[in-house]
Amino acid sequence: MTFTQDLAKQTADLWQQIYDMPFNRDMALGTLRRDVFQGYIVQDAHYLEGFARALSLAAAKAPSADVLAQLAGSATGAIHVERELHAHYMGLFGVSDSAFAAIQPSAACDHYLSFLLRSAALGDFPEAVAALLPCFWIYREVGRDIAKHSQPSNPYAAWIDTYSGEAFDESVSRMLALTDRLGAEADGPTKTRMERAFRRACWHEWRFWDSAYHMEDWAQPPAAQGAPAYQSGPPVSVP
Ligand SMILES: Cc1ncc(CO)c(N)n1
């Protein structure tokens with residue numbers, strides 16, 4: 001079993017949860033609410049820029065010029081998708097550049113990006129790559145799964161085609177091969193750090209969709225929502 005096959009086995013529970021998410025099921029049927037998809041695509045535009053920055057930080061730590069070019073190329077690819085795919089949907093939904101600029105990253109988006117940027121900035125190279133791999137791999141598998149079940153004239157076809165398509169597949173395969181090489185060379189503690197980073201990133205993928213589906217934003221303290229401020233708990237009797 002290769003290192004990445006082992007990573008997939010260790011995270012099979014999370015992957016299954018992701019395949020079964022209502023967001024992804026509804027996207028395949030084309031019945032996903034437009035306002036939900038719109039909220040998602042705006043957050044994903046924020047995400048892709050941060051993802052490209054994390055890839056660029058990891059690229060700077062690459063052990064060879066070939067690997068540097070691979071990661072820097074994926075960073076450029078992410079910006080390209082942001083420009084093409086997102087501009088397509090933002091145009092469709094009538095989200096102007098200034099409306100987009102006014103929407104802050106959600107808590108889930110910010111949390112995921114903080115994790116990726118921290119892994120890339122402070123982790124070693126293998127850990128950074130393991131943290132970045134689910135962004136590639138999960139999207140390809142989910143894209144393919146949705147493409148298999150997709151209904152004709154699906155409004156989300158452009159998204160589905162991007163992530164189940166050949167150009168994205170090529171970058172995912174290269175990232176998998178890189179992770180397998182790093183995993184094969186890694187000592188025990190490095191492998192453990194890679195496994196943890198990979199699992200955490202899979203969790204963030206799940207969280208990003210879940211948060212988008214529920215249209216969540218930053219939770220506010222109760223008083224800010226007009227609710228009574230905190231109530232004290234029952235008195236504590238000290239014996
Ligand atoms: C949240 C998220 N993860 C991965 C991808 C694929 O690059 C994306 N567009 N968005």
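Reader: How many nonpolar, polar and charged residues does the shell around the ligand have?

Author: The model is a predicted one, in which local features need pLDDT of at least 70 and side-chain atom pairs count only at pLDDT 80 or more, while totals for chains, interfaces and linings use all residues. Residues are numbered from 1 along each chain as its sequence is written. The ligand is surrounded by Asp 44, Tyr 47, Leu 48, Ala 78, Cys 135, Tyr 139, Glu 205 and Phe 208, where a residue is near a molecule if its C-beta atom, placed from the backbone, lies within 6 Å of it. With Ala, Val, Leu, Ile, Met, Phe, Trp, Tyr, Cys and Pro taken as nonpolar, Asp, Glu, Lys and Arg as charged, and the others, Gly among them, as polar, the shell has six nonpolar, no polar and two charged residues.

Reader: Which helix supplies the largest share of the shell around the ligand?

Author: Helices here are DSSP runs of H or I with at least four residues, strands are runs of E with at least two, and both are numbered from the N terminus. Helix H4 (34–60), helix H8 (125–149) and helix H11 (188–213) each give at least two residues to the shell. The largest share, three residues, comes from H4.

Reader: Which helices do the buried residues of H9 pack against?

Author: A residue is buried if 20 or more other C-beta atoms lie within 10 Å of its own, exposed if 12 or fewer, and partly exposed in between, with C-beta atoms placed from the backbone. In helix H9 (residues 157–164), the buried residues include Trp 159, Ile 160, Tyr 163 and Ser 164. They cover an arc of only 110 degrees around the axis, taken from the directions from the helix axis to the C-beta atoms, which puts them on the same side of H9. The buried residues of H9 pack against helix H5 (65–93), H8 and helix H10 (166–185).

Reader: Is His 111 buried, exposed or partly exposed?

Author: His 111 lies in helix H7 (residues 107–122). Because 15 other C-beta atoms are within 10 Å of it, His 111 is partly exposed.

Reader: How many helices and strands are there in the protein chain?

Author: Over residues 9–214, which the UniProt annotation "domain: Thiaminase-2/PQQC" (unreviewed entry) covers, the chain is 85% helix and 0% strand. For the protein chain, the count is eleven helices and zero strands.

Notes. Two residues are in contact if their C-beta atoms, placed from the backbone, lie within 7 Å. UniProt positions are given in the numbering used here, feature names are shortened, and annotations may be inferred rather than shown by experiment.
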